[in-house]
Amino acid sequence: MSPGKKKSSPSLRIFLLVSLVFLAMFLPLGAWMYTKQQGENKRLALTKKLEMLGELTTVTQRYRSVFYVREKKNFIQDKSLLFTADFNVYAGVDLAEGFDLQLKGKKARLILPHGQIFLVDADDATIHQILIKERFSSIDTGDFLPLISEEGEKIRLQVLEQDIAGEAEERAASLLKGILRSAGLEDISILFRSEGPGSGQAARGAESS
């Protein structure tokens with residue numbers, strides 16, 4: 001051995017070898033844990049954002065109905081009323097019922113509550129009297145409110161037959177996909193539970209993009 005050169009001690013070589021092995025083993029693990037934590041933070045942030053949407057109305061429809069009521073108690077007392085009223089139907093997905101968001105890299109899987117009708121509401125401002133006739137008898141709210149209530153139920157059944165819930169789900173899926181895409185996700189699957197929370201029913205209507 002030439003003068004001025006020092007031979008590294010065995011303990012130093014062992015320390016360096018152990019350090020290299022440690023780095024080779026734990027650096028990938030640390031990177032994986034960091035990536036996983038970042039993914040969880042992203043999932044929690046998106047979950048909070050979706051929760052804030054609450055009762056998400058995606059479909060609004062308007063209907064106009066014509067009503068006629070007449071009551072003739074005797075040959076003296078007679079009253080009749082012809083009027084129109086507009087009804088607003090609101091349907092969508094209630095995220096407050098609970099949903100499940102799963103993320104894996106650029107992939108997202110979102111399971112939502114089923115679509116439903118939130119409200120069928122008669123717009124009081126649109127009630128328009130076309131013909132009113134009162135003879136020894138007066139018309140009051142008790143004469144037309146039951147008609148409006150019955151008509152609201154008929155409209156609800158009608159839009160259910162037209163699968164307004166399915167339309168509400170399609171529009172909700174499109175809207176929520178946009179939110180997930182804006183967060184950098186690309187492969188997105190959206191499914192809907194066939195029943196309410198805790199029903200044990202499988203998800204249906206998978207949507208992917």
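Predicted model: local features only at pLDDT ≥ 70, side-chain atom pairs only at ≥ 80, totals over all residues.
Modeller: The side chain of Thr 126 comes within 2.7 Å of the backbone oxygen of Asp 123. Residues are numbered from 1 along each chain as its sequence is written, and side-chain values use heavy atoms, leaving out hydrogens and water.

Biologist: Does Thr 126 count as buried or exposed, and why?

Modeller: Thr 126 lies in strand E5, residues 116–135. Strands (E, at least two residues) and helices (H or I, at least four) are DSSP runs, numbered from the N terminus. Buried means under 20% relative accessible area, exposed over 50%, partly exposed in between (1.4 Å probe, protein chains only). Thr 126 has 16% relative accessibility, so it counts as buried.

Biologist: What is the relative accessible area of Leu 112?

Modeller: Leu 112 sits in strand E4, residues 107–112. Beyond four places in sequence, its contacts (heavy atoms within 4.5 Å) include Val 93, Phe 99 and Ile 190. Leu 112 is buried, and its relative accessible area is 0%.

Biologist: How many Å apart in space are Lys 154 and Val 120, C-alpha to C-alpha?

Modeller: Lys 154 belongs to helix H2, residues 141–161. At 54% relative accessibility, Lys 154 is exposed. Lys 154 and Val 120 are 34 residues apart in sequence; C-alpha to C-alpha, they are apart by 9.9 Å.

Methods: Polar contact = N/O pair within 3.5 Å; in protein donor to acceptor, adjacent residues only side chain to side chain.
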